[in-house]
Amino acid sequence: PGGCPALCECSEAAKTVKCVNRNLTAVPPDLPPYVRNLFITGNRLARLPAGAFPAQRLPDLSALNLSGNHLRALEAGALAALPALRQLDLGGNPLVSLSPQAFGEGGSPLEELALRGALRDHGVLLSLAAVLQSGALRNLSRLELADNGLLLLPAGMFTALPALRHLDLSNNSLVGLRNVSFQGLGQLQSLNLSDNSLSVLRNGTLAQFRGLPALRRIGLGRNSWVCDCAIEDLVAWLKESDQVEGKEALTCAYPDKMLGKALLKINSSDLNCSVPVDLPSQLQTSYVFLGIVLALIGAIFLLVLYLNRKGIKKWMHNIRDACRDHMEGYHYRYEINADPRLTNLSSNSDV
């Protein structure tokens, strides 16, 4: 007890143990009890099972860095026996399984959780959302979810994090925030949404930002803003808000005529918003117009018929007489062909 595990470097004065790039496949079982800062990085820990950290052997461990270890699974109870744990870094691990009980049954004192590049698997993202929503990590003040290629976030993912102050969602592929609720994050101070694929922020999201009293820093840089009529609300909010960092550098990505134009310099005249943009309304208007045109054509046709009623009547009489003469000729020939006497008489007369 109190010694340093093989393949690790220890400093009792700094309360630190480092086991870096040693090809470890499991957590060393003989960690000194004085450790507060533990770095086990760049190894080959495929899984973190229950009891990976000896129960009650590490009472002061507050900062644990497990980044870059090829971790794929955090099993139930893997981090439950660390009563002083405040900071956890799982970045750079290809997680595919995260147990809802990984942090224990009664909740965790964890305050900072870094998962940079560890949520590439969608199932793990859903598992993390379930853990957060359960309240097991309700003491979190910092959550880093950057570099995960996220397209959308599970609904209500952050609703059970009342102490959250810093949320990092940068360098993902987020296309929208419609299903994301920031309600209940009354202490949120910074929100990083830079380097995503956001094209617009809707009124509902902007209203949530306005309703967060502590929110002072929002990062929106390097997104693909589409500068059409739907962006008017975002532009108006940017002009009145002091929450967005570097808002002067935000520019349009589409359409081509607006490429590179600063969002703060956009006016309604630039967007040509007098043209309706609601497609269902346009279709309804088109159908009404088509019906009016067809009705006018029908009325004109009936008017033409009415004005030429005498000529049409005479024309129909002529057709009727012609048809009648034609039919009488057929009838006469039929009678001759049907009577042998008339046939002979017709033949003699022809001779």
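Helices (H or I, at least four residues) and strands (E, at least two) are runs assigned by DSSP and are numbered from the N terminus. The model shown is predicted, so local features need pLDDT of at least 70 and side-chain atom pairs count only at pLDDT 80 or more, while totals for chains, interfaces and linings use all residues. Residues are numbered from 1 along each chain as its sequence is written, and side-chain values use heavy atoms, with hydrogens and water left out.

**Figure 1. Overview of the protein.** The protein contains seven helices and 16 strands. Of its 351 residues, 38% count as buried (under 20% relative accessible area; exposed is over 50% and partly exposed lies in between, with a 1.4 Å probe and protein chains only). Among contacts (heavy atoms within 4.5 Å) with a separation of 6 or more, 62% join residues 24 or more positions apart.

Figure 2. Asparagine 23 lies in the loop between β2 and β3 (37-41). Its phi is near 60°, a positive value in a residue other than glycine, and asparagine 23 counts as exposed because its relative accessibility is 56%. Lysine 15 is found in the loop between β1 (9-11) and β2 (16-20). Lysine 15 also has a positive phi, of about 55°, although it is not a glycine; with a relative accessibility of 27%, lysine 15 counts as partly exposed. Most residues other than glycine have a negative phi, and most peptide bonds are trans.

**Figure 3. Glutamate 112 in strand β9.** Glutamate 112 belongs to strand β9, which covers residues 112-114. At 29% relative accessibility, glutamate 112 is partly exposed. Its C-alpha atom is separated by 8.7 Å from that of asparagine 139, which lies 27 residues away along the chain. Apart from neighbours within four places in sequence, glutamate 112 is in contact with Arg86, Gln87, Leu88, Leu140, Ser141 and Arg142.

Figure 4. One cavity of 30 Å³ or more is found in a search of the whole structure. A cavity is a set of points on a 1 Å grid over the protein atoms alone where a 1.4 Å probe fits but cannot get out, whereas a pocket is an open set with protein on both sides within 12 Å along at least five of seven lines; lining residues have an atom within 4 Å of a point. Grid points are joined across faces, edges and corners, and a volume is the space filled by probe spheres set on the points. The largest cavity has a volume of about 30 Å³. Its lining is formed by Leu74, Leu90, Leu95, Leu98, Phe103, Leu113, Leu115 and Leu128. By class, this lining has eight nonpolar, no polar and no charged residues (Ala, Val, Leu, Ile, Met, Phe, Trp, Tyr, Cys and Pro count as nonpolar, Asp, Glu, Lys and Arg as charged, and the others, Gly among them, as polar).

**Figure 5. The largest pocket.** The largest pocket holds about 150 Å³ of space. It is lined by 13 residues, of which Leu167, Asp168, Ser190, Leu191 and Asn192 are the closest to its centre. Two or more lining residues come from each of β10 (142-144), β11 (166-168), β12 (190-192) and β13. The lining of the largest pocket comprises four nonpolar, four polar and five charged residues.

**Figure 6. Helices α2 and α3.** In α2 (203-210), the buried residues are Thr205, Leu206, Gln208 and Phe209. Viewed down the axis of α2, they fall within an arc of 155° and so line one face of the helix; the arc is that of the directions from the helix axis to the C-beta atoms. These buried residues of α2 pack against β12, β13 and α3. The buried residues of α3 are Leu234, Val235, Trp237 and Leu238. Down the axis of α3, the arc that holds them is 165°, so they too line one face of their helix. They pack against α2, β13 (217-219), β14 (225-226) and β15.

Figure 7. Glutamine 243 sits in the loop between α3 (232-240) and β15 (244-245). Its relative accessible area is 8%, so glutamine 243 is buried. Leaving aside neighbours within four places in sequence, glutamine 243 is in contact with Phe209, Leu212, Leu215, Arg216, Arg217, Ile218 and Trp237. The side chain of glutamine 243 reaches the backbone oxygen of phenylalanine 209 at 3.4 Å. A polar contact is a pair of N or O atoms within 3.5 Å; within protein, one must be able to donate a hydrogen and the other to accept it, and residues adjacent in sequence count only if both atoms are side-chain atoms.

**Figure 8. The cis peptide bond at proline 255.** The peptide bond from tyrosine 254 to proline 255 is cis, with omega near -10°. Proline 255 lies in the loop between β16 (252-254) and α4 (268-271).
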